[in-house]
Amino acid sequence: QVRLVESGGGLAQAGGSLRLSCELSGGTFSTYTMGWFRQSPVRDRDFVAEISWKGGRTDYAASVKGRFTISRDNAKNTAYLQMNSLKPEDTAVYYCYGDPEGAAGPRRWGQGTQVTVSS
């Protein structure tokens with residue numbers, strides 16, 4: 001069964017950086033489009049970023065563009081979200097997801113990781 005395990009959340013100061021990781025097991029990582037959503041108590045779950053299964057296409061929410069970078073390492077079955085210039089409004093639980101190529105199966109979700117940015 002496909003499983004996503006996230007790591008890398010924590011506490012950062014405004015202007016600081018964190019890197020999230022999302023490792024996929026039980027499936028062929030290179031055929032999954034990967035991404036992140038985030039959710040806070042005051043907002044619905046919002047799209048953050050996505051990278052295509054080939055890695056040639058990335059997409060970002062306007063609120064994080066220029067500050068966050070999504071990448072993937074197919075040899076390590078892992079996607080990364082590098083978050084720079086963090087703001088207090090980036091505080092949320094971040095959930096990674098994986099979509100198999102050609103919608104060959106359901107979207108998979110990670111367990112979520114807390115990111116807290118202090119001002």
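**Entry 1: the disulfide**

I searched the whole structure for disulfides, meaning pairs of cysteine sulfur atoms within 2.5 Å, and the search came back with 1. This is a predicted model, so local features need pLDDT of at least 70, side-chain atom pairs count only at pLDDT 80 or more, and totals for chains, interfaces and linings use all residues. Residues are numbered from 1 along each chain as its sequence is written, and side-chain values use heavy atoms, with hydrogens and water left out.

The disulfide runs from Cys-22 to Cys-96, with 2.0 Å from S to S. I then looked up where the two ends sit: Cys-22 is in strand S3 and Cys-96 in strand S9, 74 residues apart, so the pair links distant parts of the chain. For my own notes, strands (E, at least two residues) and helices (H or I, at least four) are DSSP runs numbered from the N terminus.

Which hand does the disulfide have? The torsion about the S-S bond of Cys-22 and Cys-96 is about 55°, so it is right-handed.

Are Cys-22 and Cys-96 buried or exposed? Both are buried. Buried means under 20% relative accessible area, exposed means over 50%, and partly exposed is in between, using a 1.4 Å probe and protein chains only.

**Entry 2: the sheet**

Next I followed S3 into its sheet. I found 4 strands in an open sheet, ordered S1-S3-S8-S7, with antiparallel pairing. Two strands pair if DSSP finds at least two bridges between them. A reminder from class: strands of a sheet pair through backbone hydrogen bonds, either parallel or antiparallel.

Which strands are at the edges? They are strand S1 (3-7) and strand S7 (68-73), and each pairs on one side only. I also noted the twist, which averages 15° from one strand to the next. For such angles, axes are lines fitted to C-alpha atoms (for helices over the stretch in contact), and angles run from 0 to 180 degrees between N-to-C directions.

I zoomed in on S1 and strand S3 (residues 18-25): they run antiparallel and 5 bridges join them.

**Entry 3: Arg-3**

I stayed in strand S1, where Arg-3 lies. Arg-3 has 54% relative accessibility, so it counts as exposed. Leaving aside neighbours within four places in sequence, Arg-3 is in contact (heavy atoms within 4.5 Å) with Glu-23, Leu-24 and Ser-25. I also checked Arg-3 against Lys-65: they are 62 residues apart along the chain, and their C-alpha atoms are separated by 28 Å.

**Entry 4: aromatic rings**

Then I went looking for rings. A pair of aromatic rings is described by the distance of the centres and the angle of the planes. Rings of Phe, Tyr and Trp (its six-membered ring) pair if their centres lie within 6.5 Å; planes under 30 degrees apart count as stacked, over 60 as edge-to-face and the rest as tilted. That rule gives 4 aromatic pairs.

One of them is Phe-37 with Trp-109, which is edge-to-face at 5.7 Å centre to centre and 65° between the planes. Phe-37 is in strand S4 (residues 32-40) and Trp-109 in strand S10 (residues 108-109), so this pair links distant parts of the chain, 72 residues apart. Phe-37 is buried because its relative accessibility is 17%, whereas Trp-109, at 35%, is partly exposed.

Trp-109 also pairs with Tyr-97, and that pair is tilted: 5.6 Å centre to centre, 55° between the planes. Tyr-97 belongs to strand S9 (residues 92-100) and is 12 residues from Trp-109 in strand S10. Tyr-97 is buried, with a relative accessible area of 1%.

How do the ring pairs join up? They link Phe-37, Phe-47, Tyr-97 and Trp-109 into a cluster.

Tyr-97 has a charge over its ring too: Arg-107 lies over its face, 4.0 Å from the ring centre. The rule asks for NZ of Lys or CZ of Arg within 6 Å of the ring centre and within 35 degrees of the ring normal. Arg-72 is placed likewise over the face of Phe-29, at 4.4 Å from the ring centre.

I ended with two single residues. Ser-40 is in strand S4 and counts as buried, at 10% relative accessibility. Not counting residues up to four places away in sequence, Ser-40 touches Thr-91 and Ala-92.

Glu-89 sits in the loop between strand S8 (78-83) and S9. Glu-89 is partly exposed, with a relative accessible area of 46%. Its contacts, leaving aside neighbours within four places in sequence, are Arg-38 and Arg-43.
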